[in-house]
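Colleague: Could you walk me through the links between side chains here? I'd like to go slowly.
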Amino acid sequence: MKRWIQLACAALLPAVLAACEAQPAQPARHGDAAIAQGKPMKASKTYLYLLRKTPFFTSLNTSQLRWTIDHSREWEVERGTVITQCAGASAADAWVLLDGGWQLEHEGRAYPAGHADPGKWFSARQASGTCRLVATGHGYVMQIARAEFDAMLAQGFAFDKHLDAGCRYYAEIFGNAPAGAQGPLAAP
């Protein structure tokens, strides 16, 4: 009997491994750019204790962190995954780098950032021309819909220093006027 089970397992192992490696089709709402690159983003769970340690969110209280979790989506990304482009379904959304690294690609140049750098958040509202945000390694990103991010700002979530630093950073890249004059993430 033991020998029969070993033979059956040996015969089924290649099929099981192939099934495990197959990736499900990515729904279109996950970001058109990620699908085009063949490196889909994978939905991930946001944990309060980890979010509390993420530089962009360290000034928030527990209630605000919970609100953030309830009104955003976290994604796991691999190196080379296009997170968003300056045009497309998710262009108006705010993106926050939770862990890992990404780079903004614009006019043939790459601008890398980690989760503690001014470029730790991105919205195509700060951009001009053609650009894309690409994961530089394994990591986690948070997608916050424009309306939800506007609600966070209206509720006084303490993002000011991060947004101001990012707005200055993106103004240098895109040659825009400082966004502080229009307010963070203002429409172009």
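Colleague: Which residue does the disulfide join to Cys-86?
Modeller: Keeping in mind that this is a predicted model, the disulfide joins Cys-86 to Cys-131, with a distance of 1.5 Å from S to S. Cys-86 lies in the loop between strand 3 (82–85) and strand 4 (94–99), whereas Cys-131 lies in strand 8, so the pair ties together parts that are 45 residues apart in sequence.
Colleague: And what kind of bond is a disulfide, in general?
Modeller: A disulfide is a covalent bond between the sulfur atoms of two cysteines.
Colleague: Are Cys-86 and Cys-131 buried or exposed?
Modeller: Both Cys-86 and Cys-131 are buried. Cys-167 also counts as buried, because its relative accessibility is 4%, and the cut-off for buried is under 20%.
Colleague: Switching topic, how many salt bridges does the structure hold?
Modeller: There are two salt bridges. In one of them, the side chains of Glu-105 and Arg-132 meet, at 2.6 Å from N to O. Glu-105 belongs to strand 5 (residues 101–106) and Arg-132 to strand 8 (residues 131–135), so this pair ties together parts that are 27 residues apart in sequence.
Colleague: What about Arg-146, which residue does it form a salt bridge with?
Modeller: Arg-146 pairs with Asp-150, and their closest N and O atoms are 3.2 Å apart. Both residues lie in helix 5 (residues 146–154), where they are four residues apart, or about one turn of the helix.
Colleague: Is Arg-146 buried or exposed?
Modeller: Arg-146 counts as buried at 18% relative accessibility, while Asp-150, at 32%, counts as partly exposed.

Methods: Residues are numbered from 1 along each chain as its sequence is written. This is a predicted model: local features need pLDDT of at least 70, side-chain atom pairs count only at pLDDT 80 or more; totals for chains, interfaces and linings use all residues. Side-chain values use heavy atoms; hydrogens and water are left out. A salt bridge is a side-chain nitrogen of Lys or Arg within 4 Å of a carboxyl oxygen of Asp or Glu. Helices (H or I, at least four residues) and strands (E, at least two) are DSSP runs, numbered from the N terminus. Buried means under 20% relative accessible area, exposed over 50%, partly exposed in between (1.4 Å probe, protein chains only). A disulfide is a pair of cysteine sulfur atoms within 2.5 Å.
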